[in-house]
Every structure is written in C-alpha cells, then in structure tokens.
Amino acid sequence: MASLTNTMSLPTLALVGILAVLLPKTISAQSVADIVTPAFFDSIINQADAGCEGKNFYSRDRFLQAVNSYPQFGTEGGQDVIKREIAAIFAHFTHETGHFCYINEINGPAGDYCDENNTQYPCVPGKQYFGRGPIQLSWNFNYGPAGRDIGFDGLNAPETVGTDPVLAFKTGLWYWMNNCHSLITSGQGFGPTIRAINGRLECDGNNPATVRARVGYYTDYCNRLGVSPGDNLTC
C-alpha cells in the first residue's frame, strides 16, 4: 500500500492539516464559558446602577468558578437545551437581584424566614435566613442542606452567602440543580422553574407581573443566545 505522502500533493496535505485543526472546533459542543461570554454577562450587570452593592460582588469569572462544582449544569441535552438552561438561570438571577444589583434581600432582616417546624435544620438564635445571593437563597431548610452540600455552616453562618461571591453563586447553582435543572432538561419548560423558585407568591395568578418579568428576561436571553424559548413559559 502506498504511503499518504506518496499519493497526496503538498497543497492537499496542507488542506488536510488545516481541516484537522478547525473541524473539531466546529463540531464540538459549546461550553458554559463559550455561551456565557463576557459580553453576555456584562450586558446584564451593566444595567445595575454604579452604586449597587452587587457591582463589585458578582462577576462572570466567579460564576464560572462556581460552575466547576456542578459539572452537570449546562452539559446535559443538546445545544438548544443547554442554551435554554443558561437563559433560564440568568433570567432568574436577573429578576432576583435586579441585574446583579442586590446581594441581600431588600428589607430581608425584617422578614421571618425561620420554619420552626423543621427540626432537621433548626434555626440558630440570632441568625437570619433571608434571601442572599443570585437566587436569593432563603429559609433555614435551604441554608442547612446548602451548607452541608457545599461546605459551609449554613445555619450558624448564613451571612457567609452575602460575603463570599463564589459561594453565593454556588448556592444559586445548588438550588437550581436540586429544583430546576431537570425541569429544563426534561423539556417541561421555563414556567415550572418559576414555580420551583417562587411559585407560592407568583404562580396561579398571585403575581402575574413578576411572572411576566421573568418570562421577559428568559425570552430576551434565549434570543441573544440564538435559541427558541420553547413552550410552557408561565405558571
């Protein structure tokens, strides 16, 4: 059998070499970092006022660092599913934080987020479990298991979510992976993720304006990422 170099001209070999370099990049799946570009992230956070506490807290790099702890995020399903998942989580991040303006819930300390009936993750006297971070993690029954799984003392030091930006993103991803990820990857649509995050206060006609706002962010981000939003958008 003749060798490749004996049967192909030099220009042909050069073309083969170029294709070998370019083709894998063309057909390989995009990573989360490829989709959440600096321009995409900045287009959201730049809408927050310069004086917002979150401006120096949230960043694309910190989000991607947190994503490393959740390898299933943005990797399951085809490219359309992956883009919808990223659009969905950023829609909720945007709504919950006011375009990454807020770290801590507005008037959060005035609220009561202690479920005294939950004995598995009992509230610690003097500690408050109001919303913090990009998904506004709330309640002792979320801080407890989030701390256990991520590796911080969620019950004794819930305030850590508001001081450590990578940890804050990890709590958002923790909640997402436990409550929302499968809703998107199974094709149930964006609407059920609203119900999973704040359904009691927003769904079934309780607050249609906030539902519309979340859907608006989601469809906008889907358009930016070049994917249709799919069906079942509301709750």
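These legends go with close-up views of the cysteines and the annotated spans in a predicted model. Local features here need pLDDT of at least 70 and side-chain atom pairs count only at pLDDT 80 or more, while totals for chains, interfaces and linings use all residues. Residues are numbered from 1 along each chain as its sequence is written, and side-chain values use heavy atoms, with hydrogens and water left out.

**View 1. Cys-52 and Cys-101 form a disulfide.**
A disulfide is counted here when a pair of cysteine sulfur atoms sits within 2.5 Å; for Cys-52 and Cys-101 the sulfur atoms are 2.1 Å apart. The link is left-handed, with -85 degrees about the S-S bond. It joins distant parts of the chain, 49 residues apart: Cys-52 is in the loop between helix H4 (38-45) and helix H5 (60-67), and Cys-101 is in the loop between helix H6 (79-97) and helix H7 (140-150). Helices are DSSP runs (H or I, at least four residues), as are strands (E, at least two), numbered from the N terminus. Cys-52 and Cys-101 are both buried. Buried means under 20% relative accessible area, exposed means over 50%, and partly exposed is in between (1.4 Å probe, protein chains only).

**View 2. Cys-114 is bonded to Cys-123 in a disulfide.**
Their sulfur atoms are 2.1 Å apart. The torsion about this S-S bond is about 120 degrees, so the disulfide of Cys-114 and Cys-123 is right-handed. Cys-114 is partly exposed at 21% relative accessibility, and Cys-123 is partly exposed too, at 22%.

**View 3. Cys-203 and Cys-235 make a disulfide with sulfur atoms 2.0 Å apart.**
This one is left-handed, at -90 degrees about the S-S bond. Cys-203 lies in the loop between helix H10 (191-202) and helix H11 (208-225), and Cys-235 in the segment after H11, so the pair ties together parts that are 32 residues apart in sequence. Cys-203 is buried at 0% relative accessibility, whereas Cys-235 is partly exposed at 23%. The count comes to 3 disulfides, and their pattern is 1-2, 3-4, 5-6, with bonded cysteines counted along the chain.

**View 4. Cys-180 and Cys-222 are a look at buried cysteines.**
Cys-180 has 0% relative accessibility. Cys-222 likewise has a relative accessible area of 0%.

**View 5. Residues 52-74 and 167-177 carry a UniProt annotation.**
The unreviewed entry labels them "domain: Glycoside hydrolase family 19 catalytic"; positions follow the numbering used here, feature names are shortened, and annotations may be inferred rather than shown by experiment. Residues 52-74 are 35% helix and 0% strand, with end C-alpha atoms 28 Å apart. Residues 167-177 are 100% helix and 0% strand, and their end C-alpha atoms lie 15 Å apart.
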